[in-house]
Amino acid sequence: MRELEDHYEEEYIYLADLTCDAALISWGKFFFNSKMKLVEDRKVHMFDGQLGRHTSIGTNCESYGPVTVEVADATSSVVQRVHTTNTFAWVTGLASDTVYTYRVVVHENRGDRQWAGDPLASYHEGAKELVPTDQTYACTFRTFPSPSSSADVTFIVIGDTGTAASEQLAVAAAMERVVAKRDVRFVIMVGDTIYAKSGSSGDDDFEWLTTYFQPYRMLIDRIPFYPCMGNHDTNEGFSFLGIGTREKQQDRLTLYDNMLVVPRFMAPGRPPSRPDGDASISPGLFYRFRFGQGIEFVCLDSSKEKTVSDKRLFEFSKHQEWLTRALEAPLGGLIWRIPFSHHPPYCKGPQHDDDETNLRHQVMSQCERNGVRTFFSGHEHNFQCIDSPGDSRVRCFVTGGGGGFRTSMPSIETDGHLQAWGGNDRAHFLVVTISGAKMTVEPIGGDGKPVPLFDRTNTPVSFTSVQVGSSVAH
């Protein structure tokens, strides 16, 4: 927390992306008035030294001045430096599967200083004040394995997170503990990053403080988060408790901005390890990335965009062609190709079903024909494991409990085969471990304990994790 003459500032730093030989590092800050109340973007320009500023974080954020990003190896020797006036930088030329530390040095008139180098403060919206903590950023990362090497991996999947509620904070804290103990390498987000009912639409930077940057701040400086579009991240029409929401098309653009979508997948300056053909964007969010030789993730956009079509974006011709190439490309050395989206191809409710999209008719047939064995999604606020009904079954996971949960039981008909469900009494996230040809999926509650699971008859089961690559759950 930095105290200036007429306001306070809290600086943030985050590892936006990783490849086998590069890291995308970003930084920004949030502004507070003299009474420590969070300030909207449109008022930031009123503070001393902030004339002309309308943003505070993300790709399009106005510059905070010249910066040097330094990356050091295990001996604390600086191996790469990047000078920029942007608020992000790709650092390239790194070794694969290697641990590094980094820091962002800002060059100011009064001298050089480390960005976000002081102990961190947390903003309490109810009390409207910044509270000092003893936390500091670790600013460390481990590059991904080489594309020519086989590697096991543990990652987290979270969905429907952006409530800013106590449940989201509990899940984030539980995630921190898991990351510290289990060498988690990244987080997959399956949509709905910010809800209108959290107090804001999500189309301005300041709205992201309590719904993303603060809950996950002790994670995003060390592991990347991979987003996808949910219906609350777009201007798709719907209501909440019968009241029309304030979501808008600008929400999509703000997610692009704050999650650095363009520098990650589209803009010049990306490393060769992030090739051009790996994304189809604007409008829409379709991309893929690899972890080592045998694991590939494919993000598809199941939302709507009224300026383009009344159909889902994965049905739009431009993206349909890209998705067909991604899903039907020969597996080659791949053991796992893992698609993820916000809307589920199969869902038993209690609020959402699998008729909302054409996923199970169009995309699932491609998955079944081409060796895909698992699929992750959100949207429904519980946990479900449902197998597709085809001969080559795909095990589909619903995990929409990252920011809250629904207390009712799943009760809607589906042509998928329900294997297990839970999470109607607690928020949750998934810990996913891939070891060779076997995947284990563990639903974990905000208390850090396994989520109790039930079968299709709502009878408690003895297992707390589900396998893919085997017909046996345990």
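## A buried charge pair: Asp17 and Arg274

Asp17 is buried, at 0% relative accessibility. In this predicted model, its side chain meets that of Arg274 in a salt bridge, 2.5 Å from N to O. Asp17 sits in strand S2 (residues 7-18) and Arg274 in the loop between helix H4 (261-265) and S17, so the pair ties together parts that are 257 residues apart in sequence. Arg274 is tucked away too: it counts as buried, with a relative accessible area of 4%.

## Other salt bridges

Count them up and the structure holds 33 salt bridges. One of them joins Arg142 and Asp183, with 2.8 Å between the closest N and O atoms. Arg142 belongs to strand S11 (residues 140-142), while Asp183 is in the loop between helix H1 (166-182) and strand S13 (187-189), so this pair ties together parts 41 residues apart in sequence. Here Arg142 is partly exposed at 27% relative accessibility, and Asp183 is partly exposed at 44%.

Arg288 and Asp278 also pair up, at 3.1 Å from N to O. Asp278 is buried, with a relative accessible area of 15%. There's a network as well: salt bridges link Arg2, Glu9, Glu11, Lys29, Glu108, Arg110 and Arg113.

H5 covers residues 317-328 and reaches 16 Å from its first C-alpha to its last. Its buried residues are His319, Trp322, Leu323, Ala326 and Leu327.

What do the buried residues of H5 pack against? Their partners are strands S17 (279-281), S18 (285-291), S19 (295-299) and S22 (336-340), plus helix H6 (359-369).

Note on methods. Residues numbered from 1 in each chain as written. Predicted model: local features only at pLDDT ≥ 70, side-chain atom pairs only at ≥ 80, totals over all residues. Heavy atoms only, no water. Helix = DSSP H or I, 4+ residues; strand = E, 2+ residues; numbered from the N terminus. Expected span 1.5 Å × (residues − 1). Buried < 20%, exposed > 50% of the residue type's maximum accessible area, 1.4 Å probe, protein only. Contact = heavy atoms within 4.5 Å. Salt bridge = Lys/Arg side-chain N within 4 Å of Asp/Glu carboxyl O.
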